[in-house]
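Have the viewer open as you read.

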Amino acid sequence: MAQRQDKDTTPVNGCDPEERYDNAFRDWLHELYDVLDFPDPEAPPAWVRKLFESSGRVPPDRFAGIAFERRRTDITEAFTRVAATVHTQTGVDLSVNNPDLAFEHPSDEFPIGLVSFAGSPIWSADPPEMYVALAEAIQSYLADRHRKVWPLCPRHHLGTHPRVAAGQAVWWCYAGAHESEPI
Ligand SMILES: [Zn+2]
């Protein structure tokens, strides 16, 4: 891959170590993205930077395994949190042992694996988007399998929809154009 030259004033040699380090990090991100389509080189998750700091340029195939395990853990944890709310509010038990939460290991088709709930893929493993995706999948599941409209806006008694508002994952009530509750 061609070396990126953003600043003409930057000497090729002799740039400070921090800049060289940042360049190496960026190069690695682009290499990963070329092979795995993940992570977004412009907005990598914080753990990717930490991995680079502790382990350097992890090769893409090894990175894919690490990313999969990481996503499995983070999405399962978020799922457990949302499921607890579902249990409290609807009585439906979506425990983590529920086979509807499915994990597929990295493959040619899914380079960093696939996490899905009841057939809905959960692509993001970072808040707030991860919570919105989970909420959407769980909401559809409750509607399809349990004929339940969940959750309802306590003020307007109508179904709400998950979205990101002011950087947070929330249930949004379109009837009143307001946040009904955090996800
Ligand atoms: Zn409302």
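## Two helices crossing

Start with α1 and α3, which are roughly perpendicular to each other. Their axes cross at roughly 80°, and 65 to 115 degrees is the range that counts as roughly perpendicular. Helix α1 covers residues 17-36, and the two axes come within 10 Å. Keep in mind that this is a predicted model.

Who makes the contact? On the α1 side, look for Trp28, Glu31, Leu32, Val35 and Leu36. On the α3 side, the residues are Pro60, Phe63 and Ala64.

## A three-stranded sheet

Next up is an open sheet of three strands, ordered β4-β5-β6, with antiparallel pairing. The edges belong to β4 (161-165) and β6 (178-182); each has a single partner strand, so one side of each has no neighbour in the sheet. From one strand to the next, the twist averages 50°.

Zoom in on β4 and β5 and you'll find five bridges between them, in the antiparallel sense. Ala165 sits opposite Gln168 of β5. Helix α4 lies across β4 and β5, and runs at about 170° to β4.

Where does the largest nonpolar core get its residues? First, the core itself: it holds 27 residues, and those with the most contacts inside it are Phe79, Val86, Leu94, Phe117, Ile138 and Ile183. At least two residues each come from α3 (60-90), β2 (114-117), α4 (129-146) and β5 (168-173). The biggest giver is α4, with ten residues.

Leaving aside residues up to four places away in sequence, Ile183 touches Val82, Tyr131, Val132, Ala135, Pro162, Ala169, Val170 and Trp171.

## Cysteines

Are Cys153 and Cys173 buried or exposed? Cys153 has a relative accessible area of 1%, so it is buried. Cys173 comes in at 0% relative accessibility, so it counts as buried too. The cut-off for buried is under 20%.

How many disulfides are there? The count comes to zero. For a pair to qualify, the two cysteine sulfur atoms would have to lie within 2.5 Å.

Technical notes. Residues are numbered from 1 along each chain as its sequence is written. This is a predicted model: local features need pLDDT of at least 70, side-chain atom pairs count only at pLDDT 80 or more; totals for chains, interfaces and linings use all residues. Side-chain values use heavy atoms; hydrogens and water are left out. A nonpolar core is a set of buried Ala, Val, Leu, Ile, Met, Phe, Trp, Tyr and Cys residues joined through side-chain atoms within 4.5 Å. Buried means under 20% relative accessible area, exposed over 50%, partly exposed in between (1.4 Å probe, protein chains only). Helices (H or I, at least four residues) and strands (E, at least two) are DSSP runs, numbered from the N terminus. Contact means heavy atoms within 4.5 Å. Two strands pair if DSSP finds at least two bridges between them. Axes are lines fitted to C-alpha atoms, for helices over the stretch in contact, and angles run from 0 to 180 degrees between N-to-C directions. Angles under 35 degrees count as roughly parallel, over 145 as roughly antiparallel, 65 to 115 as roughly perpendicular and the rest as oblique.
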